[in-house]
Amino acid sequence: MRFLKHSVAAGAMVATLTVAGAASAAVNLVQNGGFKDGLTPAGGNFQTVGLSSGIIPAWDVLAGDVDWIKGYWESSDGDGYSVDMDGTTQGSIAQSITTVIGRKYNFTFDMSGNPDAGQGTDNLAVFANGLLSPVATYTVGAANNRSNMLWSQRAYAFIATSTTTQIGFQSLNTDSCCFGAAIDNVSVTAVPEPGTWALMIIGFGGAGVLLRRRRAMVAA
């Protein structure tokens, strides 16, 4: 019985270690994916940010300008912070993350649209490895307003070609000013490699077998 208890504990430890390995693979590599700075907005509830590095913590504005939202409308995660990709013109925003060459990554974000212009479609491109993704679109409907932005998640995957990958967003709207796609909750996570999943299955399977044996012995 003592051996069995140790075996069950060992099986549980294998499962725990393999789960921990998978969890580490799911760590968000993006810094400040919610665009928060921890400060109370001063002098307004949004700020137009032009070409810059770090004004929005961890993010660079690469082209045009964006509106850094600080309570002007409902954010996706409830903290009041997000980004409108069109400030006074179409903007582009990015940051660099550490990646592994040849590794696959999931890139997700929440998307809405500035409701101030009324109903319409906002267009946005996501980029990684220097390449623009297929266009992401968001249709602002009659139900969208500042207190109910109707956020929805967008996702795509990329394979890293360098140890450092610049990820970001570029507005593809064609109007001249001010009402763009809104983004929040940006995340990039590594897709678990097949070996990790195999270890998880083995770990859970071994723990399950040992637990069943223990129950059978107790019943006997």
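The legends below accompany an overview and several close-up views of one predicted protein model.

**View 1. Overview of the predicted model.** Residues are numbered from 1 along each chain as its sequence is written, and side-chain values use heavy atoms, with hydrogens and water left out. Because the model is predicted, local features need pLDDT of at least 70 and side-chain atom pairs count only at pLDDT 80 or more, whereas totals for chains, interfaces and linings use all residues. The secondary structure comes to 2 helices and 13 strands, where helices (H or I, at least four residues) and strands (E, at least two) are DSSP runs numbered from the N terminus. Of the 220 residues, 40% count as buried, a term that stands for under 20% relative accessible area, with exposed meaning over 50% and partly exposed lying in between (1.4 Å probe, protein chains only). Among contacts (heavy atoms within 4.5 Å) between residues at least 6 apart in sequence, 75% join residues at least 24 apart.

**View 2. The salt bridge between D37 and K70.** The structure holds 3 salt bridges, each defined as a side-chain nitrogen of Lys or Arg within 4 Å of a carboxyl oxygen of Asp or Glu. In this view the side chains of D37 and K70 meet at 3.5 Å, N to O. The pair links distant parts of the chain, with D37 in the loop between α1 (2-25) and β1 (46-49) and K70 in strand β4 (residues 66-70), 33 residues apart. D37 counts as partly exposed at 22% relative accessibility, while K70, at 15%, counts as buried.

**View 3. The salt bridge between R103 and E193.** Here the closest N and O atoms of R103 and E193 are 3.8 Å apart. R103 sits in the loop between β6 (92-98) and β7 (104-113), and E193 in the loop between β13 (181-190) and α2 (194-219), so that distant parts of the chain, 90 residues apart, are linked. R103 counts as buried at 17% relative accessibility, whereas E193 is partly exposed, with a relative accessible area of 43%.

**View 4. The salt bridge between R146 and D116.** The closest N and O atoms of R146 and D116 lie 3.1 Å apart. R146 belongs to the loop between β10 (136-140) and β11 (152-159) and D116 to the loop between β7 and β8 (120-128), so the pair ties together parts that are 30 residues apart in sequence. Both residues count as partly exposed, R146 at 39% and D116 at 33%.

**View 5. The largest nonpolar core.** A nonpolar core is a set of buried Ala, Val, Leu, Ile, Met, Phe, Trp, Tyr and Cys residues joined through side-chain atoms within 4.5 Å. The largest one has 32 residues, of which F35, I56, W59, F107, F109, F169 and I183 touch the most other members. Several strands give two or more residues to this core, including β4, β6 and β12 (164-171), and β13 gives the most, with 5 residues. Beyond residues up to four places away in sequence, F35 touches several others, among them I56, W59, W68 and I183. A second, separate core of 6 residues includes W73, M149, W151 and A182.

View 6. D122, which is placed in strand β8, is buried yet has no salt bridge, and the nearest side chain of opposite charge (Lys and Arg count as positive and Asp and Glu as negative, with His and the chain ends not counted) is R154, 9.6 Å away. Among the residues that D122 touches are M111, Y138, N173 and F179.
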